Amino acid sequence: MSQSKTASTGRTALAIGVVALIIGASALGYAAYLGLSQVPSQLSAVTANVTCSTSQPCANKTIRLDWTLDDTGQDRFNPQYITVLQGDNLTIMLITNDTTDAHTFTLGLGLRGFSSSTLFQLNNSWTGLSSGDFITPVNGFFAGHPDGCTDNNGGSASCNTQKADCVGVVGCTGSNGNCDNTAANPPPCDLWSIGYLGVVSVPGVYEFHCFYHQKGGMFGYITVLPNKGFSA
Ligand SMILES: [Cu+2]
C-alpha cells in the first residue's frame, strides 16, 4: 500500500510540474508548443518508476471527454488537458449532447509508437447534425449514421455511436431516430461513443482535436508521463 501511495504522490507532483510547463510554454508562445512531440528535458529528469509493461499495464483508465461550450460560446472538449502514465491502458469515451453540430475525437497514434499521421478517431455525428462552419464545404445536414472511425492501430472501424432516448421531450425521436438541427427547437441529441485506445508506450505531449472544429479551438492535449519502470 505504501508503495502505491508513494507512486500516486509522485504522479501528483509530476502533474503539477506538467501544468507549470504548459503555463511556461504558453508564455513562450503557443505555436512553439503545438509542434512538441517529445517530453521537455525538465520533465524527463523527474521520471516515475512504476513497474508495468504492455502485457501488464500500469492501470486501466477510461477517459471521458464531454463536448462543452466555453465562456464565449465556442466548442470545446472537457477536459482539455489529460495526464496519464507511460504504460497506462486507455479507453476513450466521447459524449456530445450538442443539438446542432457533430464532433469527433481525433488523435495521432504517436503515443502508441505509430506515425503521428496514423489516427485514432471516434465520430459523434448523426443524421440531421451539421459540420459547423470551420470546414469546407460545410455540411449543414448530415445524412445517415457516422463513418470514418479508426481503431487503436489506425485501421478502419465501424463507429459505435449511440443516441440516448429523450422520452417526453417535444420533438424527441428516440434512440434510433434522427437529430434535427433545422427544427425550431432542436430536440436533445445526446450521443456517445467509446473506443479502446490501448497501452500508451511513448512519453510526450500529444494533441487531440475535433475534425469539424479544430480551427475553432476544439483541441486539447494528452501528456504521457515518462515511466522508467515501463518495458514494452
Ligand atoms: Cu466539434
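Which residue is the bridge partner of R64 in β5? I looked this up to begin, and found that R64 is bridged to M93 in β5.

**Entry 1. Conventions**

I note that this is a predicted model, in which local features need pLDDT of at least 70, side-chain atom pairs count only at pLDDT 80 or more, and totals for chains, interfaces and linings use all residues. Residues are numbered from 1 along each chain as its sequence is written. Helices (H or I, at least four residues) and strands (E, at least two) are DSSP runs numbered from the N terminus.

**Entry 2. The chain and its confidence**

I recorded three helices and 14 strands for the chain. Of its 232 residues, 32% are buried; a buried residue has 20 or more other C-beta atoms within 10 Å of its own, an exposed one 12 or fewer, and a partly exposed one falls in between, with C-beta atoms placed from the backbone. I then turned to contacts, which require C-beta atoms, placed from the backbone, to lie within 7 Å. Of the contacts between residues at least 6 apart in sequence, 70% join residues at least 24 apart.

I checked pLDDT, the predictor's confidence in each residue, from 0 to 100. The chain has a mean of 86, and 81% of its residues reach 70 or more. Over residues 1-35 pLDDT stays under 50, and the model has 20 contacts beyond four places in sequence for this segment. Where pLDDT is low, predicted coordinates should not be read in detail.

**Entry 3. The open sheet around β5**

I traced an open sheet of five strands, with mixed pairing and the order β3-β2-β5-β11-β10. Its edge strands, each pairing on one side only, are β3 (75-78) and β10 (162-163). Two strands pair if DSSP finds at least two bridges between them. Strands of a sheet pair through backbone hydrogen bonds, either parallel or antiparallel.

I went through the sheet pair by pair:

- β2 and β3 run antiparallel and are joined by four bridges; D66 has N78 as its bridge partner in β3.
- β2 (residues 60-69) pairs with β5 in the parallel sense over seven bridges.
- β5 and β11 run antiparallel, with eight bridges between them; I95 is bridged to W192 in β11, and N89 stands opposite V199 in β11.
- β10 pairs with β11 in the antiparallel sense over two bridges, and K163 has L191 as its bridge partner in β11.

L90 counts as buried because it has 24 C-beta neighbours inside 10 Å. Not counting residues up to four places away in sequence, L90 touches K61, I63, V84, L197, G198 and V200. L90 and V200 are 110 residues apart in sequence, yet their C-alpha atoms are 7.4 Å apart in space.

I next located F105 in strand β6 (residues 103-108). Why is F105 classed as buried? F105 is buried because 27 other C-beta atoms lie within 10 Å. Leaving aside neighbours within four places in sequence, F105 is in contact with L65, I92, L94, Q121, L122 and F208. The C-alpha atoms of F105 and Y212 are separated by 9.8 Å, although the two residues are 107 apart along the chain.

I then looked for nonpolar cores, meaning sets of buried Ala, Val, Leu, Ile, Met, Phe, Trp, Tyr and Cys residues joined through C-beta atoms within 7 Å. The largest has 36 residues, of which I92, F105, Y206, I222 and V224 touch the most other members. The elements giving two or more residues to this core are β4 (81-85), β5 (89-96), β6, β7 (119-124), β11 (191-199), β12 (204-209) and β13 (219-225). β13 gives the most, with four residues. In soluble globular proteins, nonpolar side chains tend to be buried together.

**Entry 4. Cis peptide bonds**

Most peptide bonds are trans. I found a cis peptide bond from N78 to P79, with omega near 5 degrees; P79 is in the loop between β3 and β4. A cis peptide bond also joins T136 and P137, with omega about -5 degrees. P137 lies in the loop between β7 and β8 (149-150).

Technical notes: Contact = placed C-beta atoms within 7 Å.
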